[in-house]
Amino acid sequence: MKSIVKASQRTVVEDAVVEATNGISSPDGIIFMSDYARFEQFSSKLSEMYPNADIIGTAGTVYCGNMIDDRNIFIITAITGDASLSGGILEGVSKTPLRYMYRLSDSVRKVSPGEDNTVCIEFCTSNEEVLVSSLNVVLDPAGIGLAGGTVFGAPEGRPSLVSYNGKIYDDACAYMVIKNKSGKAYVIRENIYDKGDGPEHTATKVNLAKKELIELDNRPAADVYMEETGVSRNELVDNVMKAPFGRVIDQDIYISSMNGVTSSGSITNYKRINQNDSLCILKLLDYCEINRDTRDEIKGLVSKPSLIFSINCIYRYLLFQDEGYLNEFLRDMSSVAPFVGYIGGGEQYNRQHVNQTMVCAVFA
């Protein structure tokens with residue numbers, strides 16, 4: 001697959017567009033990301049410039065190489081050849097994500113996916129667990145991997161936004177199905193946590209609507225967490241970057257980040273926890289070593305990747321920033337291939353919505 005990744009930090013929209021589109025003449029498709037304030041302007045201008053291309057985008061904290069910001073930044077990933085692609089929009093995802101799933105079905109038929117050469121990249125605004133299940137009604141039978149991100153970072157009181165072909169949506173999922181016609185395409189994830197020394201627990205009481213874990217093992221969830229980790233109730237949420245919850249499925253772990261504690265001892269989370277889910281309290285591992293393994297994994301799958309499009313959780317961003325590792329992480333990933341992506345409030349990885357994870361779409 002042929003692609004061009006360009007970025008601009010110019011403050012004037014017109015200047016940023018000129019700089020970021022230099023050398024991009026007739027792309028098959030574009031995935032763009034920008035700061036929130038200028039998002040609608042960028043969306044409109046790209047649609048005017050490239051009326052024959054499918055274009056999806058979102059706004060927030062974004063990165064390209066070692067450049068990362070949520071202000072005065074505009075990044076384009078243009079797919080320019082050796083690819084078959086189809087983008088689209090799924091509206092009303094907070095209530096009826098299945099309603100427009102025929103659009104995704106049409107996109108899959110259009111690209112005609114093969115084995116290990118097609119992925120779906122998406123940005124969504126809400127209702128991730130139901131959305132992922134809905135997407136996989138179409139994607140899973142076709143063998144298409146999913147790499148997505150929950151839109152994060154809108155100014156207080158403003159909606160999260162996505163864009164498709166120049167139109168802006170605030171309750172939707174913008175997607176692009178991409179088939180690499182000259183090589184492979186894979187979805188991988190990086191998890192920097194593992195089971196701690198404590199036991200596995202059972203979610204015995206939950207409130208799905210509020211993403212609330214009320215009881216673990218028939219006890220207040222906060223009491224169980226505090227006992228096992230030794231933190232106080234006031235410290236519980238701030239401990240999320242060291243010891244989040246992990247949902248255990250077979251031998252795999254999917255992270256759920258807590259974001260609040262109620263007076264009754266319930267814990268609210270960014271990922272929905274279901275009744276009878278098996279949970280453990282995770283521990284932070286050596287993320288430098290794990291990222292080396294991730295880079296080796298990518299190079300093992302694709303000897304010379306042409307593009308790595310990624311979504312990193314906000315908590316990973318904050319952790320790496322606090323630990324002084326962020327620039328090294330961006331530099332090292334960029335040494336493998338052009339590395340571009342978005343800081344999300346959650347990640348969608350194949351059949352699961354997760355937290356505190358990096359999800360990558362890797363193209364040969």
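**View 1. Strand 13 and strand 27 in a predicted model.** Strand 13 (185-190) pairs with strand 27 (residues 358-363) in the antiparallel sense, over six bridges. One of the bridge partners is M358 in strand 27, which faces E190. Strands are DSSP runs (E, at least two residues) and helices likewise (H or I, at least four), numbered from the N terminus; two strands pair if DSSP finds at least two bridges between them. The model is predicted, so local features need pLDDT of at least 70 and side-chain atom pairs pLDDT 80 or more, while totals for chains, interfaces and linings use all residues. Residues are numbered from 1 along each chain as its sequence is written, and side-chain values use heavy atoms, without hydrogens and water.

View 2. Six strands in the order 5-4-24-23-27-13 form an open sheet with mixed pairing. Strand 5 (67-69) and strand 13 are at the edges with a single partner strand each, so one side of each has no neighbour in the sheet.

**View 3. A helix on the sheet.** Helix 6 (residues 287-301) packs on the sheet and touches strand 13, strand 23 (307-313) and strand 27; contact means heavy atoms within 4.5 Å.

**View 4. The largest pocket.** The lining of this pocket has 14 residues, with D116, G143, I144, G145 and N350 nearest its centre. Strand 13 gives three residues, the largest share. A pocket is an open set of points on a 1 Å grid over the protein atoms alone, where a 1.4 Å probe fits, with protein on both sides within 12 Å along at least five of seven lines; lining residues have an atom within 4 Å of a point.

Definitions and conventions: Axes are lines fitted to C-alpha atoms, for helices over the stretch in contact, and angles run from 0 to 180 degrees between N-to-C directions.
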